Amino acid sequence: MTTRLCLLFTLLLCAPAARADDAAELWSRSCKSCHGPDGRAQTRLGQKEAIADMSQASWQKAETDAELRDVIANGSSHNPKMKGYKDRLTPEQMDALVRYIRTFKAK
Ligand code: HEC
């Protein structure tokens, strides 16, 4: 019983931290190859496809969370290279990625 309680507390303590790391990990696993580690798309495919620089304040302002969420879930209607992730990611993961993209904004 005590062991189980201990385990539960450990899980509860670790959960929020794990979630924050999740988005960063997801990004490097699934998005970085095209969008770059910092969202600036300084990658071969990023240059070729002229992917937007997500660190630009103007880009951050022009895109609403709903728009980002939609492209992540369903892909881009302008470029088939950006595929939809709704079959591979949970809604929570996609929301986390939207928040993660917001951290790219240049200071
Ligand atoms: C195979 C390369 C590739 C991968 C991998 C990729 N993207 Fe993209 N992404 C693109 C391209 C190309 C565009 C530009 C689409 C356009 O012009 O509308 C794009 C556009 C976007 C946009 C919209 C940008 C805008 O200006 O409207 C978002 C948001 C986005 N990607 C998020 C992600 C996320 C999150 C992941 C990982 C889960 C990801 N992408 C993985 C290629 C990729």
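Leu8 is a residue of helix 1, which covers residues 2-35; helices here are DSSP runs of type H or I with at least four residues, numbered from the N terminus. The model is predicted, and local features need pLDDT of at least 70, side-chain atom pairs count only at pLDDT 80 or more, while totals for chains, interfaces and linings use all residues. Residues are numbered from 1 along each chain as its sequence is written, and side-chain values use heavy atoms, with hydrogens and water left out.

**Surface of helix 1**

- Leu8 is partly exposed, with a relative accessible area of 46%, where buried means under 20%, exposed over 50% and partly exposed in between, using a 1.4 Å probe and protein chains only.

**Around the ligand**

- There are 24 residues around the ligand, and Cys31, Cys34, His35, Ser76 and Met82 come nearest; a residue is counted if one of its heavy atoms lies within 4 Å.
- In the side chain of Ser76, an N or O atom is 2.6 Å from an oxygen atom of the ligand, which falls under polar contacts, pairs of N or O atoms within 3.5 Å.
- Trp59 places a polar side-chain atom 2.8 Å from an oxygen atom of the ligand, and for Glu63 the corresponding distance to an oxygen atom of the ligand is 3.5 Å.

**Gln60 in helix 3**

- Gln60 belongs to helix 3, residues 57-62, and counts as buried at 7% relative accessibility.
- The side chain of Gln60 reaches the backbone oxygen of Met54 at 2.8 Å.
- Leaving aside residues up to four places away in sequence, Gln60 touches Met54, Ile101, Arg102, Phe104 and Lys105, with contact meaning heavy atoms within 4.5 Å.

**Residues in loops**

- Ala41, in the loop between helix 1 and helix 2 (44-48), has a positive phi of about 60 degrees although it is not a glycine, and it counts as buried at 2% relative accessibility.
- Ala50, in the loop between helix 2 and helix 3, also has a positive phi, of about 50 degrees, without being a glycine, but Ala50 is exposed, with a relative accessible area of 64%.
- Thr90 sits in the loop between helix 4 (65-74) and helix 5 (91-102) and counts as partly exposed at 34% relative accessibility.
- Thr90 and Ala73 are 17 residues apart in sequence, and their C-alpha atoms are 9.4 Å apart in space.

Methods
Helices (H or I, at least four residues) and strands (E, at least two) are DSSP runs, numbered from the N terminus. A polar contact is a pair of N or O atoms within 3.5 Å; within protein, one must be able to donate a hydrogen and the other to accept it, and residues adjacent in sequence count only if both atoms are side-chain atoms.
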